[in-house]
Amino acid sequence: VTDTRGRVVDNLDRGDFTITEEKEPQELVSFSRESAPVSVGVVLDLSGSMANKIKMLRLALREFLQNLEPADEALLITFADRPELRLSFTSETSAVLNSLFSAAPSGSTALLDAVALAVGQMRGAKNLRRVVFLVSDGGDNHSRITDRELRRMVDEEDVQIHAIGIHGHATRMEEARGPWLLEDLARMTGGQHYMVRDAGDLPKLASAISLALHDRYLLGYKPAHPGMPGTFRRIEVKVAQRKGTGKLHVYTRRGYRMP
């Protein structure tokens with residue numbers, strides 16, 4: 001939960017939350033707040049259109065990594081015509097940053113393939129809290145995996161996707177779909193999505209996202225009417241608004257698939 005400035009709100013209690021599954025109210029049976037170590041998959045766009053934004057991209061990565069803690073780990077995936085795992089999980093943040101210095105933007109944008117690779121890599125993470133941090137300036141135009149296949153994959157994994165999209169004037173259909181694509185990936189996993197037009201905003205936003213990685217509320221309930229195996233169950237979580245705090249934003253997965 002964050003406030004209007006993107007700051008973590010850490011003083012809420014059980015009574016501040018309501019949860020529904022398939023629009024049916026659910027009774028909370030457990031409630032807690034934790035600050036836990038995170039495994040992060042950093043996914044960065046290195047297609048040709050990023051050539052004039054690479055400096056800001058490096059600065060954004062540095063700001064993001066500065067807020068990681070000793071128990072955290074991160075890997076680096078870049079993508080253009082295809083995704084590339086540049087560095088496997090490591091707790092050495094300097095190694096992640098150094099892996100980007102030799103990168104040169106070129107080629108097309110295989111965004112969906114890159115996200116799929118990152119989600120797959122998360123299965124080998126040591127921490128239970130798993131996050132993908134994605135930065136791109138356009139829509140997908142070179143992936144093998146489809147939107148539908150990726151959504152099914154993400155539905156079955158406990159991975160949160162945070163995305164920053166750099167979007168100028170769209171001249172092609174895939175560019176116009178870029179903001180929608182990143183927003184959808186973030187929304188369905190309970191992550192944040194920022195859309196900017198100036199690459200200079202990247203470092204500030206990357207820092208804000210990383211500051212909120214470790215803190216979360218855990219809400220437990222037993223579904224009043226469990227669904228059939230294989231069905232997708234939609235969840236909505238709301239938080240009570242408080243006077244004088246501005247609008248509070250709650251980020252949670254949109255649902256889960258019954259085993």
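Visitor: What is the volume of the second largest pocket?

Guide: The second largest pocket has a volume of about 500 Å³. A pocket is an open set of points on a 1 Å grid over the protein atoms alone, with protein on both sides within 12 Å along at least five of seven lines, and lining residues have an atom within 4 Å of a point. Points are joined across faces, edges and corners, and the volume is the space filled by probe spheres set on them. The model is predicted, so local features need pLDDT of at least 70 and side-chain atom pairs pLDDT 80 or more, while totals for chains, interfaces and linings use all residues. Residues are numbered from 1 along each chain as its sequence is written, and side-chain values use heavy atoms, without hydrogens and water.

Visitor: Which residues lie nearest the centre of the second largest pocket?

Guide: They are Arg-187, Ile-235, Glu-236, Thr-252 and Arg-254, out of a lining of 20 residues. Helix H6 and strand S11 each supply at least two lining residues (DSSP runs numbered from the N terminus: helices, H or I, at least four residues; strands, E, at least two). S11 gives the largest share, 4 residues. The lining has 5 nonpolar, 7 polar and 8 charged residues (Ala, Val, Leu, Ile, Met, Phe, Trp, Tyr, Cys and Pro are nonpolar; Asp, Glu, Lys and Arg charged; the others, Gly among them, polar).

Visitor: How is the largest pocket lined?

Guide: The largest pocket holds about 820 Å³ of space. Its lining consists of 32 residues, with Arg-216, Tyr-217, Tyr-251, Thr-252 and Arg-253 nearest the centre. Strands S1, S7, S8, S10, S11 and S12 each give two or more residues to this lining, and S10 contributes the largest share, 6 residues. By class, 17 lining residues are nonpolar, 8 polar and 7 charged.

Visitor: How many cavities of 30 Å³ or more are there?

Guide: A cavity is a set of points where a 1.4 Å probe fits but cannot get out. The count here is 1 cavity of 30 Å³ or more. The largest cavity contains about 40 Å³ of space, and Leu-112, Asp-147, Leu-150, Arg-151, Leu-181, Asp-184 and Leu-185 line it. Helices H4 (147–155) and H6 (178–189) each give two or more of these residues. The lining divides into 4 nonpolar, no polar and 3 charged residues.

Visitor: Why is helix H3 described as largely enclosed?

Guide: Helix H3 (residues 111–121) is largely enclosed by the rest of the structure because 8 of its 11 residues are buried (under 20% relative accessible area, with a 1.4 Å probe and protein chains only; exposed is over 50%, partly exposed in between). Those residues are Leu-111, Leu-112, Asp-113, Ala-114, Val-115, Ala-116, Ala-118 and Val-119. Leu-112 also lines the largest cavity.
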